[in-house]
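Here is a short briefing on one structure. Look at the model first, then read the points by topic.

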Amino acid sequence: MQREQWNSRTGFILAAVGSAIGLGNIWRFPYMAYENGGGAFFIPYLFAMISAGIPFMIMEFSLGHKLRGAAPKIFSKLGHKYGLRLEWLGWFQILIAAVIAVYYVAVIGWAISFLGFSFTQSWGADTNAFFFSEYLKLGDNSPTRLGDFQLNIAIPMTIAWGITFLTVFTGVKKGIERASKLMMPLLFIMVLMLIGRIIFLPGAFEGLNYLFQPDFSKIFDAKVWSAAYGQIFFTLSVGFSIMLAYSSYLPEKSDINNNAFMTVLINCGFSILAGILIFAILGYMAQEQAKPLTEVVSSGVGLAFVTIPAAINLLPAPYLFGPLFFFALVVAGLSSHISIIEAITSALIDKLQVPRKKAAVIVCITGFTISMAFATNGGLLLLDLIDYFINNIALLSSCFAELIILAWLFKIADIRDYANRISDFNVGRWLELCLRFISPAILAIILVKNLINTINNGYGDYPITDQLILGWGLIALMLLISFVINLASNKEEL
């Protein structure tokens with residue numbers, strides 16, 4: 001089966017950037033910078049980008065381009081070369097992507113709902129009560145007692161699935177590339193328009209001062225460096241099969257190094273733009289309510305669906321700025337969701353040798369059905385618990401395993417030589433130094449810290465049974481499925 005190809009370099013870069021730029025850039029990065037030294041945070045963040053983000057991206061682009069497949073096929077080919085069975089790692093990454101896909105779409109659904117609410121500010125004055133009590137109808141539920149099915153959440157989730165399905169079903173050139181060429185410029189234009197107006201509101205510069213004022217004492221805090229590296233890995237879509245799949249559609253003559261640099265730099269640049277937007281809004285909100293900014297700043301879903309709607313209520317022309325913000329949120333979410341589903345679909349095409357359209361139908365119908373668990377009273381709690389274990393344990397473990405296998409069991413110099421041979425400019429030995437020593441060491445520290453903290457303290461106030469089933473149990477099940485597929489593949493070959 002002939003592999004599809006991107007129609008243009010611009011299309012590939014915009015698709016890769018669209019995958020990397022997601023909701024985390026808008027609601028996670030600004031808060032991370034604020035919490036970890038403000039302007040001083042950019043020093044470890046830039047170092048993490050150079051020593052981990054760009055090298056990892058070059059490595060994944062090179063592997064996808066050279067071995068022409070989704071993650072399972074790539075790791076299977078690598079293993080065969082050295083007499084090892086590594087297909088399991090590819091399937092573990094695919095399962096990470098699958099789990100993220102089914103809960104991430106719930107947040108996109110919320111954003112679609114709030115896009116509708118934003119035209120009239122129908123969330124009212126008490127945005128906290130509206131989001132948690134009226135919209136989500138969050139009651140005395142738990143991640144294992146989900147309560148009633150909520151049609152008002154299921155409908156926008158269905159819309160999100162429909163857009164993703166049509167894009168992936170249509171193919172790389174006609175679907176993903178076209179969507180990315182529309183979505184990404186639109187996202188940047190919307191954010192720049194918002195910044196262009198909000199930056200001149202009273203209090204906006206005080207908000208930016210909170211974000212960018214450097215606290216250099218935190219430079220020597222290991223937690224800040226850990227946060228910077230964690231943010232880079234979370235935001236770049238590396239380590240869970242997406243960039244391997246996308247780069248496998250590149251034409252033979254492709255500038256790997258340049259593509260990797262551009263993807264990472266555009267993504268990180270957008271994070272800084274998002275930080276400017278969010279903190280300008282928060283600064284204005286703090287001044288209007290005569291509160292210190294520390295009392296209005298928040299992270300995660302609270303920022304997007306409680307704090308920002310409250311700020312929109314205070315803005316001049318809220319009927320314009322509200323829809324602009326939530327449309328940007330929807331676009332950022334959809335571009336990432338499309339890339340996640342494409343990675344899974346690509347793996348299915350490789351494994352079962354089925355046509356794209358059939359694979360897209362199987363993946364999207366299965367994902368849609370499972371994701372409806374998040375359209376319930378307890379959907380937010382289920383999402384929060386699973387998201388913690390997937391991001392802080394499974395994804396970091398996947399990145400660490402990939403680095404150890406590729407940098408120590410195989411010759412990372414071969415990957416560097418391959419990238420240099422087909423690129424307009426060469427990267428030096430720093431790539432090997434970063435991938436063999438710096439990135440694995442930092443990842444190991446973050447992962448061990450997360451494991452110890454989670455084992456000792458658990459996560460949040462969730463019952464230990466729920467954490468064992470939906471956290472540790474889910475990761476164990478994903479690993480088991482990965483090894484079973486790996487074993488079955490071995491028997492097929494014999």
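**Core and helix packing**

Leaving aside its neighbours within four places in sequence, W110 is in contact with F131, Y135, L136, I153, V301, F305, L380 and L383. Contact here means heavy atoms within 4.5 Å. The model is a predicted one: local features need pLDDT of at least 70, side-chain atom pairs count only at pLDDT 80 or more, and totals for chains, interfaces and linings use all residues. Residues are numbered from 1 along each chain as its sequence is written, and side-chain values use heavy atoms, with hydrogens and water left out.

**Nonpolar core**

- The largest nonpolar core holds 190 residues. Such a core is a set of buried Ala, Val, Leu, Ile, Met, Phe, Trp, Tyr and Cys residues joined through side-chain atoms within 4.5 Å.
- Buried means under 20% relative accessible area, exposed means over 50%, and partly exposed lies in between (1.4 Å probe, protein chains only).
- W110, F305 and I390 have the most contacts inside this core.
- Helix α6 (residues 87-118) gives the largest share of the core, 23 residues. Helices (H or I, at least four residues) and strands (E, at least two) are DSSP runs, numbered from the N terminus.

**α6 with α7**

- The axes of α6 and helix α7 (residues 127-135) come within 13 Å and cross at roughly 120 degrees. Axes are lines fitted to C-alpha atoms, for helices over the stretch in contact, and angles run from 0 to 180 degrees between N-to-C directions.
- The two helices, α6 and α7, are therefore oblique to each other. Angles under 35 degrees count as roughly parallel, over 145 as roughly antiparallel, 65 to 115 as roughly perpendicular and the rest as oblique.
- α6 passes α7 in a right-handed crossing. A crossing is right-handed if the near helix is turned clockwise from the far one by less than a right angle, and left-handed if anticlockwise.
- From α6, the contact uses G109, W110, S113, F114 and F117; from α7, it uses F130, F131 and Y135.
- Six residues of this α6 and α7 contact are nonpolar, two are polar and none is charged. Ala, Val, Leu, Ile, Met, Phe, Trp, Tyr, Cys and Pro count as nonpolar, Asp, Glu, Lys and Arg as charged, and the others, Gly among them, as polar.
- S113 sits in helix α6. At 10% relative accessibility, S113 counts as buried.
- Beyond its neighbours within four places in sequence, S113 touches Y135, N152 and P156.

**α8 with α16**

- Helix α8 (residues 151-170) packs with helix α16 (residues 356-371) at an angle of about 165 degrees, their axes 9 Å apart. That makes α8 roughly antiparallel to α16.
- The crossing of α8 past α16 is right-handed.
- α8 brings M157, T158, W161, F165, V168 and F169 to the contact, and α16 brings R356, K357, A360, V361, C364, G367, F368 and S371.
- By class, the α8 and α16 contact has nine nonpolar, three polar and two charged residues.

**Helix α18**

- I412, I415, R416, Y418, A419 and N420 are buried in helix α18 (residues 412-421).
- These buried residues of α18 pack against α4 (42-67), α13 (256-288), α17 (379-409) and α19 (430-457).

**Loop between α11 and α12**

- S237 lies in the loop between α11 (222-235) and α12 (242-247). Its phi is near 65 degrees, a positive value in a residue other than glycine.
- At 5% relative accessibility, S237 counts as buried.
- S241 is in the loop between α11 and α12, and phi of S241 is near 80 degrees, a positive value.
- At 1% relative accessibility, S241 counts as buried.
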